[in-house]
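Please read the points below alongside the model. They go strand by strand and then turn to a helix.

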Amino acid sequence: MPNSVTPTHCPYCALQCGMNLTPSQDGGVTVVERPDFPVNKGALCGKGRTAPAVLASGVRLSSPLVRSGGTLVPATWEEALDRVAEGLTRTRTEHGPDACGVFGGGGLTNEKAYSLGKFARIVLGTSQIDYNGRFCMSSAAAAGMKAFGLDRGLPFPLEDIPRTGCVILVGSNLAETMPPSLRFFNELKENGGTLIVIDPRRTKTAEQADLHLMPRPGTDLALALGLLHLVVAEGRVDEEYVRERTAGWEDARAAAMAHWPEYVERITGVSVPQLRETVRLFCEPEHAMVLTARGPEQQAKGTDTVGAWINLCLATGRAGRPLSGYGCLTGQGNGQGGREHGQKADQLPGYRKLDDPEARRHVAEVWGVDPDSLPGPGRSAYELLDALGTDIRSLLLMGSNPVVSAPRAAHIEERIKSLDFLAVCDVVLSETAALADVVLPVTQWAEETGTTTNLEGRVLLRRRAITPPDGVRSDLEVMHELAARLGGERALEKGFPTDPEEVFEELRRASAGGAADYSGITYHRLAEENGVFWPCPAVPGTGNAAGGEDDSPAAGTDRPAHPGTPRLFLDRFATPDGRARFAPVSYRAIAEEPDDEYPVLLTTGRVVAQYQSGAQTRRVDELNAAAPGPFVELHPRLAARLGAAEGDPVAVVSRRGRAVAPARITTGIRPDTVFMPFHWPGEGRANTLTNPALDPTSRMPEFKACAVRVEAVKS
Ligand code: SF4
């Protein structure tokens with residue numbers, strides 16, 4: 001392997017910070033600055049800086065494990081793969097292909113996500129595949145598709161933020177989730193712009209805001225409608241823009257006008273003067289943006305809520321124009337790419353729809369199969385997990401830890417235990433892997449090459465920097481071996497190469513002509529250009545047509561390759577008529593309102609030193625020292641009612657279960673709300689409590705608001 005510097009990207013969140021890796025004396029790698037990557041310019045949070053710790057042998061899995069006599073014991077790869085093939089084959093024979101489930105992850109590279117979707121549909125023949133990205137940003141994706149005809153996290157690069165006039169940040173604590181991104185917002189303020197943060201907690205991000213609104217959890221939809229009402233009432237609608245570039249305004253306008261500011265104040269707790277001030281700050285500058293994250297999205301009405309925020313942008317002419325627009329701050333490392341290339345229940349590569357005959361024809365041709373042989377759309381993530389042990393008897397799980405991260409987690413843990421067969425591919429023995437019949441240890445970020453797509457829609461190349469340890473194999477090798485065992489030579493004729501660049505070449509062809517068109521992107525370009533924004537179609541005659549020809553931007557010709565698309569919608573939206581669509585949405589309450597028995601609201605989220613289910617970061621000493629365990633954040637008035645002091649254990653009880661964690665008392669949270677981070681298993685598992693009520697469009701569970709009671713724990 002090279003012993004010089006390897007430029008690559010962080011294994012964790014959707015910022016996909018650039019970093020350089022240098023060999024260390026113990027045979028591993030050390031992270032050093034990579035200032036040439038424009039998103040983070042060398043800055044990293046503690047998670048990225050310490051990521052090599054998970055490469056160490058004492059932390060990660062280094063041998064396949066198979067269950068024997070009730071315990072997991074080391075096995076050879078041949079034995080483990082045979083066991084997986086046997087388990088899946090038995091289920092398929094006895095119960096049919098749809099009894100085999102596949103569950104992926106938003107951390108998988110584009111190549112892995114693509115191969116997993118293909119594996120499920122043409123090797124297993126199952127429709128039952130989805131992934132944990134459904135829990136992340138699917139409501140924003142659904143709302144973006146409805147409004148703009150296209151879903152890409154941000155339709156502009158982060159570097160536009162400092163040059164706009166105002167940003168409303170809705171339900172995002174990026175000071176903790178992606179700290180290097182904060183510099184864009186600091187620069188915005190230095191340039192005279194305004195930052196408005198909407199969050200029921202005074203987070204580290206809210207502390208940076210010029211204006212912080214603290215709505216009751218689950219009421220963001222009412223808040224956005226109230227702001228639009230004021231936009232209309234104060235004559236701030238951009239009538240020409242609405243006429244020229246949108247459709248559906250009258251219905252949306254009528255819905256908003258039913259949400260009087262005083263009514264919205266009663267629902268949200270945000271005062272009318274604050275609503276007016278927000279409208280003034282948002283509308284006065286020439287340019288402005290709204291960015292949402294999990295707060296408004298992880299609700300049973302998340303699609304409508306995001307739609308209402310998009311309405312605000314459209315009514316004021318702030319979408320599809322330079323330095324203005326709506327964007328979603330995607331969470332997981334490849335949450336964006338993961339939803340574009342086929343591991344989502346309803347999708348084929350290139351963001352094609354599985355129920356579109358032309359999409360099926362195109363992808364089936366690339367895969368060399370009959371379009372009619374492709375299964376239809378399957379269940380969404382929570383519905384798939386809820387069906388384990390009943391309709392779905394066996395599960396192949398890759399890069400996810402639903403025992404910690406799924407809503408109503410104790411129930412999902414029971415469903416997983418009731419499976420006939422569970423195979424897990426992971427780097428570490430996660431809480432879910434510990435329940436498996438077979439665990440396959442796989443390579444990680446620094447040990448493998450592959451592409452990811454960050455929250456800006458920028459496709460990036462992660463590069464292999466070190467040789468993986470003996471005993472682990474890549475996810476691509478696993479799929480190749482399983483395809484051979486389950487489908488024989490016929491399956492291998494249809495692909496499943498183990499070289500990621502070969503997979504990417506096929507992905508290019510499969511995505512060509514789709515919404516997320518990667519056909520003009522090559523590994524060569526990614527290495528040369530520090531990433532390329534999709535859509536980036538191949539340009540005929542330039543030599544970079546999809547299919548593995550010479551991939552230099554304009555090989556053998558003067559014609560330039562497509563430059564990629566950093567900014568979307570400047571000329572037209574991706575709808576059939578080029579107009580954006582207003583969403584005619586009205587407020588409705590959360591699925592589970594507080595009552596006498598459960599009088600408090602629970603909201604959940606993240607802390608800076610842990611990532612998602614914590615499977616990796618909980619194994620890093622430095623991160624554990626900074627964030628050793630769960631806690632319950634509560635207001636002093638609520639703490640006083642309970643008689644709880646700082647650090648005392650308190651129990652949070654919902655209709656789904658009970659969690660116990662130390663109290664953290666702060667005036668930075670509403671008195672009617674408690675907060676728990678969700679990174680830990682066991683007694684303090686926040687997702688024991690959360691409500692799996694689903695958004696009707698996105699099928700996103702309502703992680704962000706449920707009714708609980710809080711009790712002092714007697715020692
Ligand atoms: Fe990694 Fe995200 Fe931290 Fe950047 S902000 S170093 S991508 S975890």
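1. Thr22 stands opposite Thr30 in strand 3, where strand 2 and strand 3 (residues 29–32) pair in the antiparallel sense over four bridges. Strands here are DSSP runs of E of at least two residues, and helices are runs of H or I of at least four residues, each numbered from the N terminus; two strands pair if DSSP finds at least two bridges between them. The hairpin of these two strands has five residues between the strands, and Gly27 takes a positive phi near 95° there.

2. This is a predicted model, in which local features need pLDDT of at least 70 and side-chain atom pairs count only at pLDDT 80 or more, while totals for chains, interfaces and linings use all residues. Residues are numbered from 1 along each chain as its sequence is written, and side-chain values use heavy atoms, with hydrogens and water left out.

3. Strand 2 (residues 18–23) also runs antiparallel to strand 1 (residues 6–9), to which four bridges join it, and Pro7 stands opposite Asn20 in this pairing. Five of the six residues of strand 2 are buried, so the strand is mostly covered, buried being defined as under 20% relative accessible area, exposed as over 50% and partly exposed as in between, with a 1.4 Å probe and protein chains only.

4. An open sheet of mixed pairing is formed by seven strands in the order 5-4-18-17-16-6-7. Strand 5 (71–74) and strand 7 (129–131) are its edge strands, each pairing on one side only, and the twist averages 20° from one strand to the next. Angles run from 0 to 180 degrees between N-to-C directions, and axes are lines fitted to C-alpha atoms, for helices over the stretch in contact.

5. Within that sheet, strand 4 (residues 65–68) and strand 18 (residues 438–441) pair in the antiparallel sense over two bridges, with Val66 opposite Val438.

6. Helix 2 (residues 77–95) has 19 residues, which at 1.5 Å a residue should span 27 Å, and its end C-alpha atoms are 27 Å apart, which agrees; the expected span is 1.5 Å times one less than the number of residues. Its buried residues include Trp77, Leu81, Val84 and Leu88. The face turned away from the buried side carries the exposed residues Thr93 and Glu94. Just after helix 2, Gly96 takes a positive phi of about 95°.
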